[in-house]
Amino acid sequence: MLHDRVLVRTDIPEGERRSSGGIVIPATAAVGRRLAWAEVVAVGQSVRTVEPGDRVLYDPEDRAEVEVRGVAYVLMRERDLHAVAAERLEGSDDSTGLYL
């Protein structure tokens with residue numbers, strides 16, 4: 001990885017989703033702008049806020065997909081991340097583990 005790039009693996013494959021009530025939402029359904037969670041796989045040497053293994057929130061509309069050995073990943077800049085959720089951030093009692 002070079003510079004400020006972050007390579008992530010998405011949590012949920014695109015397609016049908018289920019609501020919390022169990023209703024199936026088809027992939028063709030129009031929904032508002034929705035952010036997605038992913039797991040960081042690799043980071044460039046200039047990345048300061050995330051480490052491999054962290055979960056990050058990003059906008060799936062602004063992404064560049066790449067396939068490595070048959071696995072699909074998303075490549076983005078560190079500045080395109082909206083939030084970081086990591087156990088290492090849970091240092092104090094009042095911490096949520098979410099870094100915005």
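Visitor: How many Å, N to O, separate the side chains of D4 and R77 where they meet in a salt bridge?
Guide: This is a predicted model, in which local features need pLDDT of at least 70 and side-chain atom pairs count only at pLDDT 80 or more, while totals for chains, interfaces and linings use all residues. Residues are numbered from 1 along each chain as its sequence is written, and side-chain values use heavy atoms, leaving out hydrogens and water. A salt bridge here is a side-chain nitrogen of Lys or Arg within 4 Å of a carboxyl oxygen of Asp or Glu. For D4 and R77, the N to O distance is 3.3 Å.

Visitor: Is D4 buried or exposed?
Guide: Buried means under 20% relative accessible area, exposed means over 50%, and partly exposed lies in between (1.4 Å probe, protein chains only). D4 has a relative accessibility of 18%, so D4 counts as buried.

Visitor: How many residues apart in sequence are the parts that D4 and R77 tie together?
Guide: Strands are DSSP runs of E with at least two residues, and helices are runs of H or I with at least four, numbered from the N terminus. The side chains of D4 and R77 meet in a salt bridge. D4 lies in the segment before strand 1 and R77 in strand 7, so the separation in sequence is 73 residues.

Visitor: Which strand holds E39, the salt-bridge partner of R9?
Guide: The side chains of E39 and R9 meet at 3.5 Å, N to O. This pair links distant parts of the chain, 30 residues apart, with R9 in strand 1 and E39 in strand 4.

Visitor: Which residue in strand 7 is the bridge partner of V6?
Guide: Two strands pair if DSSP finds at least two bridges between them. Strand 1 (residues 5-10) pairs with strand 7 (residues 71-77) in the antiparallel sense over four bridges. V6's partner in strand 7 is M76.
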